[in-house]
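Let's take a walk through this fold together, from its sheet to a few backbone details. Have the viewer open and follow along.

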Amino acid sequence: MPLLIRNGDIVTADARVRGDIYVESETITAIGSDLVVASGTEVIDASGKLVFPGFIDPHVHIYLPFMATFARDTHETASVAALVGGTTTFIEMCCPSRNDDALEGYRLWKAEAASGSACDYSFHMSVSKFTDVTEAQLREIVADGITSFKVFLAYKGAFGIDDGELYQTLMLARQLGVIVTAHCENAELVSRLQQRLIAEGKTGPEWHEPSRPESVEAEGTHRFTTFLENTGASGYVVHLSSEPALRAALAARARGVRVSIEAVIPHLVLDRTFAERSGIEGMKHVMSPPLRDRRNHAALWAALAEGAIDTVATDHCPFDVSQKRMGERSFVEIPNGIGGIEERVNLLYTHGVSRGRLDLQRFVDAASTRAAKLFGLFPRKGTIAVGSDADIVVYDPTYRGTLSAATQQSRNDYNGFEGMAIEGRPSLVTVRGCVQVRDGQFVGERTRGRFLRRTPNA
Ligand SMILES: [Zn+2]
């Protein structure tokens, strides 16, 4: 059924206009006023509401074997959570470990997602080793529509690659026009600092942050960007968490290195004191890079406001309480990760737009448009324009609510943002013209999501 979204304030990364949006089948076919519509069109009154392009979360983990367990969400639960929170497209990290075959891993991740996602999706392909078959396999994966790789400078022995493999990956990426996303922490230093702290009897979750201090992240960021500089590849630093790492990335950019920067919502609204809570409360807030000292917030928000930080993602990675308890005797054994796929947009709106830190254009850019451009989805995704997919969020800025595990869609049994207030939420969300969410409730098709084939643009 055609849709007419009437009289909303349509906000994109570069404009704000009052008007109507007409959607036929899966696409936006007209924008304006007094549009001629077919009989039987569903009319949605968006008066007093903001109308945004569907939001894009460029960094999530859904299917994820990690530290001998699996993250809790399925593609169904994560995608429903995403949609209720206004996210209509996610890019999942496809992360086979060093011991797995990359191509088999890719097929496995793709089959998992194809089993049922309510929103659209793509993958960043993790390169966790570089052997004789890697180049041919990566070429095949890129030909299938994947235009971004992921490398871990951290997680030695699991996903992490060495400098030689990093060089080979970047050289190939440059040739293929693929952007390389990177987790930037020095693996050797993390491992040594972990061992030292444990030997000193420092085993609680409050020692996770000191085991991967800001300087270790800054080193990883500097090294990654130096490799970009010397290979000519395009890069993207994921979940940058601290001011020293930010300075390293911006210094590289000032030298002409093609590097983009992602922040994730936990680093923008939580701080290290959450992981310093005793026992399980602290463990719930263990992620890497860790939640940092609050003094980093001002630098991250300022860089985000001016667009120096490009995107805001989540690193959605939910492990439940029983899984977190695997680390009761040592913080090293705590599965790393916090959920957030449902909370990201509302928290960014609340802490960004409502508090005057971000204007509406930068909010849309950071949470949708910039990711679409960087990862080859624009203008199909990331904007409201004639010809774009009809992924639309009608947002109610007058809504007031509280985040809680009791009301979340994720399968996890806790919420890392428990009790935090939100000022605004999506009242209606569409995926390619199909209404998936009304009044905060999922009402749509659980298998609507499609794999998004992309073409290299780096
Ligand atoms: Zn991640």
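Helices (H or I, at least four residues) and strands (E, at least two) are taken here as DSSP runs, numbered from the N terminus. With those names in hand, keep in mind that this is a predicted model.

Eight strands form an open sheet with parallel pairing, in the order β6-β9-β10-β11-β12-β13-β14-β15. At its edges stand β6 (55-60) and β15 (311-313); each has a single partner strand, so one side of each is left without a neighbour in the sheet. From one strand to the next, the twist averages 30 degrees.

Now look at one pair within it. Strand β12 (residues 179-183) runs parallel to β13 (residues 234-237), and 4 bridges link them. Here isoleucine 179 sits opposite serine 234 of β13. Helices pack on this sheet too: α4 (residues 163-176) touches β11 (148-152) and β12, and its direction makes about 170 degrees with that of β11.

The largest nonpolar core has 137 residues, and Val51 and Val237 have the most contacts inside it. The largest share of this core, 7 residues, is supplied by α14. Leaving aside residues up to four places away in sequence, valine 237 touches Ala182, Cys184, Thr221, Phe224, Ala249, Val259, Ile261 and Glu262.

Helix α13 (residues 344-354) is mostly covered, with 8 of its 11 residues buried. Among the buried ones are Arg344, Leu347 and Tyr349. Their cover includes β6, β9, α9 (265-269), β15, α14 (360-374) and β17 (421-431). After α13 comes glycine 356, which has a positive phi near 80 degrees.

Finally, some backbone details. Most residues other than glycine have a negative phi, and most peptide bonds are trans. Where does this model depart from that pattern? The bond from serine 288 to proline 289 is cis, with omega near -5 degrees, and proline 289 lies in the loop between α10 (280-283) and α11 (296-305). Phenylalanine 378 and proline 379 are also joined by a cis peptide bond, with omega about 0 degrees; proline 379 is in the loop between α14 and β16 (392-402).

As for phi, asparagine 7 has a positive value of about 65 degrees and belongs to strand β1 (residues 3-11). Aspartate 315 has a positive phi of about 60 degrees, in the loop between β15 and α12 (321-324). Are these residues buried or exposed? Asparagine 7 is partly exposed, with 18 other C-beta atoms within 10 Å, whereas aspartate 315 counts as buried, with 27 C-beta neighbours inside 10 Å.

Conventions
Residues are numbered from 1 along each chain as its sequence is written. This is a predicted model: local features need pLDDT of at least 70, side-chain atom pairs count only at pLDDT 80 or more; totals for chains, interfaces and linings use all residues. Two strands pair if DSSP finds at least two bridges between them. Axes are lines fitted to C-alpha atoms, for helices over the stretch in contact, and angles run from 0 to 180 degrees between N-to-C directions. Two residues are in contact if their C-beta atoms, placed from the backbone, lie within 7 Å. A residue is buried if 20 or more other C-beta atoms lie within 10 Å of its own, exposed if 12 or fewer, and partly exposed in between; C-beta atoms are placed from the backbone. A nonpolar core is a set of buried Ala, Val, Leu, Ile, Met, Phe, Trp, Tyr and Cys residues joined through C-beta atoms within 7 Å.
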